[in-house]
Amino acid sequence: MGKGEIGLNEFVARSLDEIRFWSRIMKEHSLFLGLGFRCEDTQLKEEANRFYKIFEDIERRAHEFQVNTDPQTIQAFNTEVSIAATQIWAFKRRVLGLILRCKLPGQTNFPLLVDHVSREANYFRNRLIELNTGNLEPLPDAIIDENVFFLKIMADHAKFIGHLLDPSERKLVEQAREFSQDFDMLVFQATDLSSMRPQSQTVPLLSQFVDENKVSVQSLRDFKKTARDLINECRIKSIIHPLLADHVFREAERFLFILDMFERSLSGARVDKKEILH
Ligand SMILES: [Fe+2]
Ligand SMILES: [Fe+2]
């Protein structure tokens, strides 16, 4: 059970941090999927409900463990949670298949949303496996891969918000469309940088990449916060669940937190060190 170059305390802290964040996210996905099914889809609703309870329980246990918990206990917990994440991933992909083959006409989850939440489940599962095997990506690779993943997530969020706002909210719909275009462009830039690996992995290029993405994510985060508050105060017309508005806001905060860590590691110019600092 090699833990790579992270210490055992850090292994426990990072594992708990990932599980506390993503188990709540997985729990909420189950709620959103359940709400989008039709009345007659009782079996799918039950399955979604079962996942809600599974991740609610995982979330509760993750908060009960302390940073001084035995690393072996946490390793077993990570394995258990990664299996649950794989199972919810399979459920989401099955639902996507049903929607794309028009087996659930009238259900209200966008196919892109179902694909999106399955990508988040896959990410969560991979993070846990990485932590457990100690197979952490070198920092320059992590910077590119995390950005490719999260920029696409942010681009999708802008599209969901734009399509779930009432069409009469013309100004907000337009703002969401602008964010969608901005992030699509950032996704392309990130995949360009990725294809230029390893030559593109210089400190100046990676720093500029992180800084530029950070500016856009901060502005999208502020937009989501405003939207969330307006929805909570019932000041705008939409079919956005208040919890979904908060959910996408929290995911932007998570991305910013990761970008900040990259920024700090890069400013220490520790890029040649074979360790990932997030
Ligand atoms: Fe999510
Ligand atoms: Fe998301």
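Reply: Helix 5 and helix 7 pack with their axes 11 Å apart and at an angle of about 30°; helices here are DSSP runs of H or I with at least four residues, just as strands are runs of E with at least two, numbered from the N terminus. The axes are lines fitted to C-alpha atoms, for helices over the stretch in contact, and angles run from 0 to 180 degrees between N-to-C directions. Helix 5 and helix 7 are therefore roughly parallel to each other, given that angles under 35 degrees count as roughly parallel, over 145 as roughly antiparallel, 65 to 115 as roughly perpendicular and the rest as oblique. Helix 5 passes helix 7 in a left-handed crossing, meaning that the near helix is turned anticlockwise from the far one by less than a right angle, clockwise being right-handed. On the helix 5 side the contact comprises Pro140, Ile143, Asn147, Leu151, Met154, Ala158 and Ile161, and on the helix 7 side Leu206, Phe209, Val210, Asn213, Val217, Leu220 and Ala227; contact requires C-beta atoms, placed from the backbone, within 7 Å. These residues divide into twelve nonpolar, two polar and no charged, where Ala, Val, Leu, Ile, Met, Phe, Trp, Tyr, Cys and Pro count as nonpolar, Asp, Glu, Lys and Arg as charged, and the others, Gly among them, as polar.

The model is predicted: local features need pLDDT of at least 70, side-chain atom pairs count only at pLDDT 80 or more, and totals for chains, interfaces and linings use all residues. Residues are numbered from 1 along each chain as its sequence is written, while chains are lettered from A and ligands numbered from 1 in the order in which they are written.

Helix 6 also meets helix 7: their axes come within 11 Å and cross at roughly 155°. That makes helix 6 roughly antiparallel to helix 7, and the crossing is left-handed. Gln175, Phe179, Asp182, Phe183, Leu186 and Leu193 of helix 6 make this contact with Phe209, Asn213, Ser216, Leu220 and Phe223 of helix 7. The residues involved are seven nonpolar, three polar and one charged.

The buried residues of helix 6 are Leu172, Ala176, Phe179, Ser180, Phe183, Leu186, Val187 and Ala190; buried denotes 20 or more other C-beta atoms within 10 Å of a residue's own, exposed 12 or fewer, and partly exposed in between, with C-beta atoms placed from the backbone. They pack against helix 5 (139-164) and helix 7 (203-232).

Notes:
Contact = placed C-beta atoms within 7 Å.
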